[in-house]
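Dear colleague,

Please find below the structure I am handing over to you, followed by an account of what was found in it. I would be grateful if you read the text with the structure open.

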Amino acid sequence: MKPIFFPALLSCIVLQASSHPLKTPVKKAPAYVTAAAVRASMEDDILKYVNAYRKKKGLRPLTMNATISAEAQKHSENMAARRTSFGHNGFQGRMKRITSSPAINGASGVAENVALGSTTAKEVVDNWLKSPMHRQNIEGDYNLTGIGVAADRKGTLYFTQIFASN
């Protein structure tokens with residue numbers, strides 16, 4: 001059977017041609033993938049790669065924390081929207097909000113990695129591991145993390161990973 005492609009404005013549906021089109025059920029188009037779902041998948045993959053690296057080093061895994069993730073996401077969005085420059089501007093405020101949050105229960109240490117322009121979670125983590133300061137954060141004595149990913153209007157991705165220990 002040869003696939004027939006019908007372009008649509010927002011998606012593409014692939015139908016299979018058949019000699020008995022009425023007897024062959026038409027498969028539904030794949031569910032629409034939202035930007036939030038892609039972002040969540042990248043965040044999960046970053047955590048997976050970071051924890052795999054930490055395991056090789058004999059370090060405890062990091063656990064995703066919603067409070068820290070919210071701070072990381074907001075910072076990535078602010079960088080993508082140019083409300084703040086790329087980097088660690090405002091880190092002291094993020095650290096204060098994290099350490100004072102009852103959900104964190106008295107974090108004793110906080111660190112942050114940011115990245116710009118990578119297109120995959122693996123690429124982000126590989127680049128952080130090539131940088132001594134970023135690698136030091138990944139190898140730090142932390143048990144909690146939060147990750148945020150945002151895209152600017154041109155589709156350039158901004159990443160923030162915050163580490164904390166409690």
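**Findings: the sheet and its surroundings**

I147 has Q161 as its bridge partner in β6. Please note that this is a predicted model. The pair belongs to the antiparallel pairing of β5 with β6, which extends over eight bridges. In the hairpin formed by these two strands, five residues lie between them, and G155 adopts a positive phi near 95°.

The sheet as a whole is open and contains four strands, ordered β3-β5-β6-β4, with mixed pairing. Its edges are β3 (63-64) and β4 (109-116), each of which pairs on one side only. Helix α2 (residues 66-80) packs on this sheet and touches β3, β4, β5 (144-151) and β6, while its direction makes about 25° with that of β5.

The remaining pairings are as follows. β4 runs antiparallel to β6 (residues 157-165), and eight bridges join the two. Within that pairing, V114 has T160 of β6 as its bridge partner.

Q161 lies in strand β6. Is Q161 buried or exposed? Its relative accessible area is 0%, so Q161 is buried. The side chain of Q161 is joined to that of T145 by a polar contact of 3.0 Å. These two residues are 16 apart along the chain, and their C-alpha atoms are separated by 6.9 Å. Apart from neighbours within four places in sequence, the contacts of Q161 include I46, V50 and L62, A111, E112 and N113, as well as W128.

E112, one of those contacts of Q161, is placed in strand β4. E112 has a relative accessibility of 6%; the limit for buried residues is under 20%, and E112 therefore counts as buried. Its side chain makes a polar contact of 2.8 Å with the side chain of R94. Beyond neighbours within four places in sequence, E112 is in contact with residues including H75, G87, H88 and F91, and also T160, I162 and F163.

Helix α4 lies across β4 and β6, running at about 120° to β4. Which residues of α4 (residues 121-130) are buried? They are A121, V124, V125, W128 and L129. These residues lie on the same side of α4, because they cover an arc of only 130° around the axis.

The largest nonpolar core comprises 20 residues, and those with the most contacts inside it are I46, W128, I138 and F159. At least two residues of this core come from each of α1 (35-56), β4, α4, β5 and β6. Apart from neighbours within four places in sequence, F159 is in contact with, among others, M42, I46, M79, V114, V124, W128 and V149. There is also a second, separate core of 10 residues, which includes I68, I98, I162 and A164.

Yours sincerely

Technical notes. Residues are numbered from 1 along each chain as its sequence is written. This is a predicted model: local features need pLDDT of at least 70, side-chain atom pairs count only at pLDDT 80 or more; totals for chains, interfaces and linings use all residues. Side-chain values use heavy atoms; hydrogens and water are left out. Buried means under 20% relative accessible area, exposed over 50%, partly exposed in between (1.4 Å probe, protein chains only). The arc is that of the directions from the helix axis to the C-beta atoms. Two strands pair if DSSP finds at least two bridges between them. Contact means heavy atoms within 4.5 Å. Axes are lines fitted to C-alpha atoms, for helices over the stretch in contact, and angles run from 0 to 180 degrees between N-to-C directions. A polar contact is a pair of N or O atoms within 3.5 Å; within protein, one must be able to donate a hydrogen and the other to accept it, and residues adjacent in sequence count only if both atoms are side-chain atoms. A nonpolar core is a set of buried Ala, Val, Leu, Ile, Met, Phe, Trp, Tyr and Cys residues joined through side-chain atoms within 4.5 Å.
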